[in-house]
Amino acid sequence: MANNKFNPRFGIIVLMIVAAAATRFMPHPPNFTPIGGMALFGAAHFAKKYWAYLIPFITLWVSDLVMNNVVYAEYQTGFTWFTTFGMVNFLAFGLIVLMGSNVLKKVNLKSVVGASLAGSMIFFLVSNFGVWLTSPVAYASGFSGLVATMSAGVPFFWSTLAGDLVYVGILFGGFELVKNMYPTLALNRA
């Protein structure tokens with residue numbers, strides 16, 4: 001017989017990820033987003049690892065749908081379900097969840113900050129490689145083009161790093177505050 005009992009810890013984790021994704025619609029510097037924080041938070045707190053991928057991915061995809069078809073609609077040719085660069089971001093996102101699932105088995109300041117730094121690096125490398133791969137007009141196809149793409153991405157890396165650290169702090173710190181207010185949340189697994 002299945003256990004259909006509602007798990008409030010699961011609901012709070014989902015709600016926090018959705019709230020973080022909603023901040024993508026607020027004005028922000030380029031690459032200062034909750035994406036890395038969402039990936040790491042889900043990886044650390046969902047007991048069933050498929051939720052660590054599924055919930056943040058769905059939330060990211062839905063927010064991308066709104067961004068691409070409302071905020072950036074003038075740059076699209078019709079309704080857009082996925083963009084090429086969005087797929088690159090999904091790959092980076094999945095790698096961050098995978099890394100976070102392995103690094104964040106024990107949540108503490110050192111592991112969370114380390115995972116955040118590693119996640120920023122993963123996003124930088126994968127997203128810039130994706131730009132190089134999908135933008136042959138902008139960058140040469142050889143190694144020099146890849147180096148040029150990575151170099152051009154460095155200013156964005158600092159915003160990615162800052163965004164990841166801020167959102168990781170908000171999500172992980174916020175959840176710890178909620179657990180202190182409602183100690184039963186610490187006992188249940190999501």
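Because the model is predicted, local features were required to have pLDDT of at least 70 and side-chain atom pairs were counted only at pLDDT 80 or more, whereas totals for chains, interfaces and linings use all residues. Residues are numbered from 1 along each chain as its sequence is written, and side-chain values use heavy atoms, with hydrogens and water left out.

Two packed helices are described by the angle between their axes and the distance between the axes. Helices here are DSSP runs of H or I with at least four residues, numbered from the N terminus, and their axes are lines fitted to C-alpha atoms over the stretch in contact, with angles between N-to-C directions that run from 0 to 180 degrees. Helix 1 (residues 8–22) and helix 2 pack with their axes 10 Å apart and at an angle of about 170°. Helix 1 and helix 2 are therefore roughly antiparallel to each other (angles over 145 degrees count as roughly antiparallel, those under 35 as roughly parallel, 65 to 115 as roughly perpendicular and the rest as oblique). In this pair, Arg9, Ile13, Met16, Ile17, Ala20 and Ala21 of helix 1 meet Met38, Phe41, Gly42 and His45 of helix 2, contact being defined as heavy atoms within 4.5 Å. By class, this contact has 7 nonpolar, 2 polar and 1 charged residues, where Ala, Val, Leu, Ile, Met, Phe, Trp, Tyr, Cys and Pro count as nonpolar, Asp, Glu, Lys and Arg as charged, and the others, Gly among them, as polar.

The axes of helix 2 (residues 35–45) and helix 4 (residues 84–103) come within 8 Å and cross at roughly 40°, which makes helix 2 oblique to helix 4. The crossing is right-handed, a term used when the near helix is turned clockwise from the far one by less than a right angle. Helix 2 contributes Ile35, Gly36, Met38, Ala39, Leu40 and Ala43 to the contact, and helix 4 contributes Phe93, Ile96, Val97, Met99, Gly100 and Ser101; these residues divide into 9 nonpolar, 3 polar and no charged. Helix 2 also passes helix 6 in a right-handed crossing, at an angle of about 35° and with the axes 8 Å apart. Here Gly36, Gly37, Met38, Leu40, Phe41, Ala44 and His45 of helix 2 meet Asp164, Tyr167, Val168, Leu171, Phe172 and Phe175 of helix 6, giving 9 nonpolar, 3 polar and 1 charged residues.

A search of the whole structure finds 1 cavity of 30 Å³ or more, a cavity being a set of points where a 1.4 Å probe fits but cannot get out. The largest cavity has a volume of about 40 Å³, and helix 3 gives the most to its lining, with 4 residues.

Technical notes: Helix = DSSP H or I, 4+ residues; strand = E, 2+ residues; numbered from the N terminus. 1 Å grid on protein atoms, 1.4 Å probe; cavity = no way out; pocket = protein on both sides within 12 Å on 5 of 7 lines; lining within 4 Å. Points joined across faces, edges and corners; volume = space filled by probe spheres on them.
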